[in-house]
Amino acid sequence: MPVAPFIASVAAFNASPDSASYAAVVAYTRSLAYAHGADGIRANAVAPGWVRTPMSAYEMRLLAEQNGTTAEVEFQSVERQIALGRMVAPAEIAACCLFLVSDDASFVTGAVLVADGGGRSPTQNRAV
């Protein structure tokens with residue numbers, strides 16, 4: 001019986017004071033997988049990059065105020081740093097979660113699926 005995947009962030013892989021909780025999610029996921037693998041329990045995590053949500057819109061508004069631009073200009077600036085040239089949609093992260101709980105991932109445990117479009121969330125551009 002699989003465990004629903006935990007949600008971390010690519011920030012777990014960027015050293016900053018704000019990323020410790022995400023790194024803890026990754027460590028907990030791996031520990032849980034090892035501790036309960038023999039019980040048939042799989043534990044995985046999804047680590048999204050920038051997701052187009054109200055939270056990212058808020059962060060872009062903060063950056064816009066700080067930089068004297070608009071939120072859309074800030075979105076475009078972040079998206080230029082992503083290999084696929086866009087932020088991920090929430091439904092795409094949900095699809096990653098569905099994969100991890102599906103039988104197609106029956107031999108996947110202790111893994112972190114990075115869904116960041118080929119780029120890391122640039123910590124120097126984070127508003128919070």
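Contact here means heavy atoms within 4.5 Å of each other. Helices are DSSP runs of H or I with at least four residues, strands are runs of E with at least two, and both are numbered from the N terminus. Keep these in mind as we walk through the protein.

This is a predicted model, in which local features need pLDDT of at least 70 and side-chain atom pairs count only at pLDDT 80 or more, while totals for chains, interfaces and linings use all residues. Residues are numbered from 1 along each chain as its sequence is written, and side-chain values use heavy atoms, with hydrogens and water left out.

**The whole protein**

The protein has four helices and three strands. Reading from the N terminus, their order is β-α-β-α-α-α-β. Taken along the principal axes, the C-alpha atoms fill a box of roughly 55 × 30 × 20 Å. Among contacts with a separation of 6 or more, 70% join residues 24 or more positions apart.

A residue is called buried under 20% relative accessible area, exposed over 50%, and partly exposed in between (1.4 Å probe, protein chains only). By that rule, 36% of the 128 residues are buried.

Which residues of helix H2 are buried? They are Ser56, Glu59, Met60, Leu63 and Ala64. Seen down the axis of H2, these buried residues fall within an arc of 145°, so they line one face of the helix. The arc is that of the directions from the helix axis to the C-beta atoms. An α-helix has 3.6 residues a turn, so residues three or four places apart point the same way. On the face of H2 turned away from its buried side sit the exposed residues Pro54 and Glu65.

Just after H2, Gly68 takes a positive phi of about 65°.

In helix H3, the buried residues are Glu74, Phe75, Val78 and Glu79. Seen down the axis of H3, they fall within an arc of 135°, so they also line one face of their helix.
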